[in-house]
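I opened my notebook to look up a few spots in this structure. Here is what I wrote down, entry by entry.

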Amino acid sequence: MPDIRSQYTDQYMFYGKHTPQELAARYDTPLYVYNEDLLRTRCRDLVRLSDHAGYGVNYSVKANSNPALLAIMREEGLVVDAMSPGEIRMNQLAGFTAQKILYISNNISLAEMQNALDHGLLVSVDSLSQLESLASLHPGGRVMVRFNPGIGAGHHSKVITAGKDTKFGIMPEDLPQVLALLQKNTMTLAGINQHIGSLFMEPDGYLAAMEVLLRLAEDLPQEVFRHLEIIDFGGGFGIPYRKYDKQPRLDMADLGRRLHALITSWAAKTLYKGRFLVEPGRYAVAECGILLGRVHAVKNTAEKRYVGTDLGFNVLQRPVMYDSFHDVEIYGPAHAPRTPMPQTIVGNICESGDILAKERLLPTLHTGDILGVLDAGAYGFSMSSNYNQRLRPAEVLVQSDGTPRLIRRRESLDDMTRCFDGLL
Ligand code: LLP
């Protein structure tokens, strides 16, 4: 029997040898399902942006840090960042060695800095005060410095990370103080980095910010420039969330041509022999992940039709946090009455803001339907929580041969009470 709204995943055979209903029955819901082939495809899009010898992709693991997915990205030739001890641990579980992990920090303690150094990681600091802290722990060592290129981008004010109004990065005009601190502590500037924000669909701002960072590199004194090994331009590569409206993709061919031309000509001009990195998170993982949930209740009020599910903001925060749009597929028998009507899909959390989709025009939903929230692979599971003391969901990978593999089990009540062991 055909599903009611599944054309997008049908074209990719997203669920492999099983139906989403079967996966939901076998692993229960809410359930994150990932597709290995799609993950590899998106990694390859990024790797192919340039074939310059120094070009590489530094995946930002905050978007999704499941070690099984990270291991696939390692196979695809990506390196990774980390910004917490937990992310270091996940990267190690996936087989990344210290040389393949950059610690992109923000406002961390001396103990956390020391932990990153003990792991042998190159640490990026993003304020003069953190540079002083690192110098106190690591005089004579190597460091990376994050700059604010003055150009920001993003889908929401909460995810714009450069420009005037942000806590991130050192302003280029403070370069003299950076250089003085480095000299005083005989430290080597091994890298410079930036990140302008999350989700651009037009590459102009990103390319302009790249040029700002490259100019800054050129402004470095020759003896400092000589030691520079890494120029990391940050992430932000967007994906089209409006799949059923056929939203166009970011033009990666155009971006690749322009990015490649820029780094190639600049390296030829400056004789730079180091690496150029991009640092995307979302682009690699968003589209390979779908969140499955179940409709448990429907309610018609004078104003609205509410569809009650197990997809609260404890499992997917983005709609509540940023008003983000995620398309929804519907897996259920087509024979039920399915006249399209505006419906508001809500979760099971005790807050009236617990809304996944507002007044969405969709075929009528019924109790028992399985829903698939598209593009949930990035900032989905990684931002999930135990709010209302709900258990974090399981994660399943549909492998290239079409078979599902459990890559994180559902949490248990014992997992939740473990931190109280011996205390109560
Ligand atoms: N590098 C740094 C230093 C970052 O802070 C981030 C994201 C990235 C790279 C990767 O950015 P991406 O390529 O994924 O846009 N939770 C929000 C996004 C927050 C991004 C935080 N930083 C969301 O769900 O849209």
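**Entry: N388.** I looked for N388 and found it in the loop between strand 16 (370-373) and strand 17 (394-398). Helices (H or I, at least four residues) and strands (E, at least two) are DSSP runs, numbered from the N terminus. The phi of N388 is near 65°, a positive value in a residue other than glycine. I noted this because most residues other than glycine have a negative phi. N388 counts as partly exposed, at 32% relative accessibility. For these words I use set cut-offs: buried means under 20% relative accessible area, exposed over 50%, and partly exposed in between (1.4 Å probe, protein chains only).

**Entry: ground rules.** This is a predicted model, where local features need pLDDT of at least 70 and side-chain atom pairs count only at pLDDT 80 or more, while totals for chains, interfaces and linings use all residues. Residues are numbered from 1 along each chain as its sequence is written, and side-chain values use heavy atoms, with hydrogens and water left out.

**Entry: L199.** Which loop holds L199? I traced L199 to the loop between strand 8 (188-193) and helix 9 (204-218). L199 has a positive phi of about 85° although it is not a glycine. Is L199 buried or exposed? L199 is buried, with a relative accessible area of 15%.

**Entry: P30.** I found a cis peptide bond joining T29 and P30, with omega about -5°. P30 sits in the loop between helix 2 (20-27) and strand 2 (31-35).

**Entry: the ligand.** Which residues come nearest to the ligand? I listed S198, E279, R318, Y322 and Y379, out of the 19 residues around the ligand. A residue is near a molecule if one of its heavy atoms lies within 4 Å of it. This shell divides into 7 nonpolar, 7 polar and 5 charged residues. In that count Ala, Val, Leu, Ile, Met, Phe, Trp, Tyr, Cys and Pro are nonpolar, Asp, Glu, Lys and Arg are charged, and the others, Gly among them, are polar.

Next I looked up polar contacts (pairs of N or O atoms within 3.5 Å). A polar side-chain atom of E279 lies 2.5 Å from a nitrogen atom of the ligand. R318 places a polar side-chain atom 2.6 Å from an oxygen atom of the ligand. With G236 it is a polar backbone atom, 2.8 Å from an oxygen atom of the ligand. Taken alone the ligand exposes 580 Å², and the protein buries 91% of that; these areas come from the Shrake-Rupley method with a 1.4 Å probe.

Entry: I compared C-alpha positions here.

- N185 lies in the loop between helix 8 (175-184) and strand 8, and N185 is buried at a relative accessible area of 17%. N185 and S136 are 49 residues apart in sequence and 8.3 Å apart in space, C-alpha to C-alpha.
- F233 lies in the loop between strand 9 (230-232) and helix 11 (252-270), and F233 counts as buried at 2% relative accessibility. From F233 to P280 there are 47 residues in sequence and 9.5 Å in space, C-alpha to C-alpha.
- L291 lies in strand 11 (residues 289-300) and counts as buried at 0% relative accessibility. L291 and Y15 are 276 residues apart in sequence and 12 Å apart in space, C-alpha to C-alpha.

Methods
A polar contact is a pair of N or O atoms within 3.5 Å; within protein, one must be able to donate a hydrogen and the other to accept it, and residues adjacent in sequence count only if both atoms are side-chain atoms.
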